[in-house]
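Notebook open, structure loaded. I wanted to look at a sheet, a helix and some charged pairs.

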There are 2 protein chains.
Amino acid sequence: MTEEPRPTLEAVAARAGVSRATVSRVVNGDPGVRERLAEKVRHAVDELGYVPNRAARSLVTRRHDAVAVVIAEPETRVFADPFFALQLRGISKELTEHDIQLVLLLTEGREDHERVGRYLAGGHVDGALAFSLHLDDPLPGIIRRAGVPTVFGGRPGWPEPGPGEPGVSYVDCDNRGGAREAVRHLVGLGRSRVAHITGPLDQTSAVDRLDGFRDVLVDVDPRLIAEGDFTPAGGERAMRELLDRVPELDAVFTANDLSASGALRVLRERGKRVPDDVAVVGFDDMLPVAEQTEPPLTTVRQDIEGMGRLMARMLLRGKGGEDLGTEPAGVVLPTALVRRASA
Amino acid sequence: MTEEPRPTLEAVAARAGVSRATVSRVVNGDPGVRERLAEKVRHAVDELGYVPNRAARSLVTRRHDAVAVVIAEPETRVFADPFFALQLRGISKELTEHDIQLVLLLTEGREDHERVGRYLAGGHVDGALAFSLHLDDPLPGIIRRAGVPTVFGGRPGWPEPGPGEPGVSYVDCDNRGGAREAVRHLVGLGRSRVAHITGPLDQTSAVDRLDGFRDVLVDVDPRLIAEGDFTPAGGERAMRELLDRVPELDAVFTANDLSASGALRVLRERGKRVPDDVAVVGFDDMLPVAEQTEPPLTTVRQDIEGMGRLMARMLLRGKGGEDLGTEPAGVVLPTALVRRASA
């Protein structure tokens, strides 16, 4: 089997029936190209899977001194989950120190992601920070095609790039290692029926935490695993399911703190004492949530604001000539168990 | 005294020492102008107070299918106060229905507002929605100079435009009438020492609510008025001040629900029963806050999400040829007293 060569700018121009210059202008988000021509070029880019050479690109495009943030969740979720506010806080501080405008692109949902791609490709920002990606969401592909330097929050779930293909830059925390530590802590307390409330399993963070749980409890009874969605309501639902299936469970590791807050409510409702009857460990150490639960939550700490700051820093470092696309970096930050009353 | 003529495009070109075409391109956010020239033009625009003719402008600029939202508060406040999430929800729904991208420009504070102005003027959006303006903030002037059609949330506090000057479009609620209704309700309950915790008095909404309070209690003892800042912590501080000054007060009208939640905490702390000893009325009817206070809060309802939606609708109606700048509209929505246990 011969390896297919990477498509070139020339190939895109030939396919679209336009000049190299026109392709270059469309790829670089120059607004001066007629929409009919631009559409042809974008179509050819899609068909051929063309990825622009970002190093060259950074030399011809002007700077906008603006960076877009794309969160692959509806705006209602963005404002309801303090995780996003914390990550944005880190991003905002870092960008402001460099006098770069933070441009948050809000959507009602996934059906709006093509429009986000058009804005990114339209020459309005110098780069993008994207987080909370889902595996079946077209957004990662849309962001790639938009051709702006991007740093992802959380390891993207698509396959590893082949040789010669551009990689991706991302910042993540050690989800799997943190989950292992949480579960080992519960096992160390003598708990023998440890359940897990997962996050949405179309996100790598949730999958990695589940993998960490299974690393420790290799032969776990599958009835002890219930899927949540990182929200308090999802934690409540999953906790009810688990108690109905395995009433004698004596510990729960939840994939984040908001899920734990929901699970704790249900445990209280069912008359279970925490940690005496059921020990609970969360993930995030999101304050004030983790301190205000009843009882206060033992949890796996990750530095959410710091992750945001680092994402922004990596993107800025890649500006002005360096090529993020061909020198990608995946940075994985450590986690640490924080012990409070719940386990 | 002769009236000064409105500065023209020609005057700006002469002052900057560039061609009319260059001024036009800078004003319209064309990215193709060298930064040194663009800077000269912006300087001349500032000096002369030039306001672009937006009707003409809309004919020459391309559409970006994007609208900026500018909230004149640091991003920490934007994410901590549910008022902004509600207003953004209304805006997001309306823009999404028209497939227009919501671009939220976040800042760390007022010192970043010049940068926001540069982004607005840079040809990245078709219009702007701005809210939570403060009287001493340069942002309103910066937004005007950016020359993009804008609808304001809340009546701007600057002086009424003179003849020939462009007016402004805004959406507000009947702050003064709502405050009057709240205070009349307290007086109707037989309360004779009614206090007021104001909002930040550099915002028209806070000033208008204070005016409404004074409309009813014309000769009020000034010790019964304390300045808050629309936050729970500000409500706590102001409530302590009031109780220290006038321990026998028997009612409080707070300028918003978050302030009321802080005031209620202090009243409880001081052993005052609500409403028996002190009746409390808030403003906003922000859910779930107003329902979850102890006791649930009597308050003045305004439709926050609906105001956001209407702002977006007014801006979109003004696009594509119509001139928002010369046909401004101030829309004031009604309020209604919602009775719960606190008064």
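Below are my entries, starting with the ground rules.

**Ground rules.** This is a predicted model, where local features need pLDDT of at least 70 and side-chain atom pairs count only at pLDDT 80 or more, while totals for chains, interfaces and linings use all residues. Residues are numbered from 1 along each chain as its sequence is written, chains are lettered from A and ligands numbered from 1 in the order in which they are written, and side-chain values use heavy atoms, with hydrogens and water left out.

**Entry 1, the sheet in chain B.** I traced an open sheet of six strands in chain B, with mixed pairing and the order S7-S6-S8-S9-S10-S12. For the record, helices (H or I, at least four residues) and strands (E, at least two) are DSSP runs, numbered from the N terminus, and two strands pair if DSSP finds at least two bridges between them. Which strands sit at the edges? I found S7 (225-227) and S12 (336-338) of chain B there, each pairing on one side only. On average, neighbouring strands of this sheet are turned by 20 degrees against each other, direction ignored.

I then checked S6 (residues 194-198) against S8 (residues 251-254) in chain B: the two run parallel and are joined by four bridges. His196(B) has Phe253(B) in S8(B) as its bridge partner.

Next I looked at what lies across the strands. Helix H11 (residues 232-245) of chain B lies across S6, S7 and S8 of that chain, at about 150 degrees to S7(B). Axes here are lines fitted to C-alpha atoms, for helices over the stretch in contact, and angles run from 0 to 180 degrees between N-to-C directions; contact means heavy atoms within 4.5 Å. Helix H12 (residues 257-269) of chain B lies across S6, S8, S9 (279-284) and S10 (298-301) of chain B, and runs at about 160 degrees to S9(B).

Which residues of H8 (residues 139-146) of chain A are buried? I listed Leu139(A), Pro140(A), Ile142(A), Ile143(A) and Ala146(A). Buried means under 20% relative accessible area, exposed over 50%, partly exposed in between (1.4 Å probe, protein chains only). Down the axis of H8(A), the buried residues fall within an arc of 160 degrees, so they line one face of the helix; the arc is that of the directions from the helix axis to the C-beta atoms. Their cover includes H2 (20-27), S1 (66-71), H7 (113-121), S3 (127-131) and S4 (150-153) of chain A. After H8(A) comes Gly147(A), with a positive phi near 75 degrees.

I got 56 salt bridges over all chains, each a side-chain nitrogen of Lys or Arg within 4 Å of a carboxyl oxygen of Asp or Glu.

- Glu39(A) bridges to Arg42(A), closest N and O atoms 3.3 Å apart. Both lie in H3 (residues 35-48) of chain A, three residues apart, about one turn of the helix. Glu39(A) is partly exposed at 41%, and so is Arg42(A) at 31%.
- Arg223(A) bridges to Asp221(A) at 2.8 Å. Arg223(A) is partly exposed at 40%, Asp221(A) likewise at 27%.
- Arg110(B) meets Asp136(B) at 3.1 Å, N to O. Arg110(B) lies in the loop between S2 (101-106) and H7 (113-121) of chain B and Asp136(B) in the loop between S3 (127-131) and H8 (139-146) of chain B, so this pair ties together parts 26 residues apart in sequence. Asp136(B) is exposed at 53%, whereas Arg110(B) is partly exposed at 33%.
- Glu94(A), Glu97(A), Arg309(A) and Arg313(A) are linked in a salt-bridge network.
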